[in-house]
Amino acid sequence: MRLDDDIHNFYEKLVLEEIEKRKLNERYSDDVMADFCCTVLNQLPPRYIRYDVDMAFYLTQTDRLDMQQRVEVAINFAIDQIAKKKELHE
């Protein structure tokens with residue numbers, strides 16, 4: 001078993017989906033996006049799984065909506081942090 005191949009944090013998928021939805025990866029460099037993702041994921045509780053289909057099966061609609069809302073709040077916070085950091089460097 002390889003830990004980095006066999007399990008992952010389900011929130012990573014949700015965060016990447018929201019980043020693509022908002023086209024944030026087109027607004028920021030890869031370097032900024034790496035820090036951005038760390039900021040977002042550090043605000044979210046880990047939900048480790050082996051297969052995404054397991055999460056889809058066991059999550060209620062309410063849980064899924066709660067997770068999505070947490071991701072949106074965390075991303076909004078990270079966007080604010082980037083803006084503040086940019087203001088300091090101008």
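Trainee: Is Gln68 buried or exposed?
Mentor: Remember that the model is predicted, so local features need pLDDT of at least 70 and side-chain atom pairs count only at pLDDT 80 or more, while totals for chains, interfaces and linings use all residues. Numbering runs from 1 along each chain as its sequence is written, and side-chain values use heavy atoms, with hydrogens and water left out. The cut-offs are under 20% relative accessible area for buried, over 50% for exposed and partly exposed in between (1.4 Å probe, protein chains only). Gln68 has a relative accessible area of 17%, so Gln68 is buried.

Trainee: Which side chain makes a polar contact with the side chain of Glu18?
Mentor: Glu18 is in helix H2, and with a relative accessible area of 4% it is buried. A polar contact is a pair of N or O atoms within 3.5 Å; within protein, one must be able to donate a hydrogen and the other to accept it, and residues adjacent in sequence count only if both atoms are side-chain atoms. At 2.9 Å from the side chain of Glu18, the partner is the side chain of Gln68.

Trainee: Within what arc do the buried residues of H4 fall?
Mentor: Helices (H or I, at least four residues) and strands (E, at least two) are DSSP runs, numbered from the N terminus. In H4, the buried ones are Met33, Phe36, Cys37 and Val40. They line one face of the helix, because seen down its axis (using directions from the axis to the C-beta atoms) they fall within an arc of 100°.

Trainee: And Tyr48, how far is it from Tyr11 in space, C-alpha to C-alpha?
Mentor: Tyr48 sits in strand S2 (residues 48-49), and its 57% relative accessibility makes it exposed. Leaving out residues up to four places away in sequence, Tyr48 touches Ile7, His8 and Asn9, where contact means heavy atoms within 4.5 Å. Tyr11 is 37 residues away in sequence, and the C-alpha to C-alpha distance is 8.4 Å.
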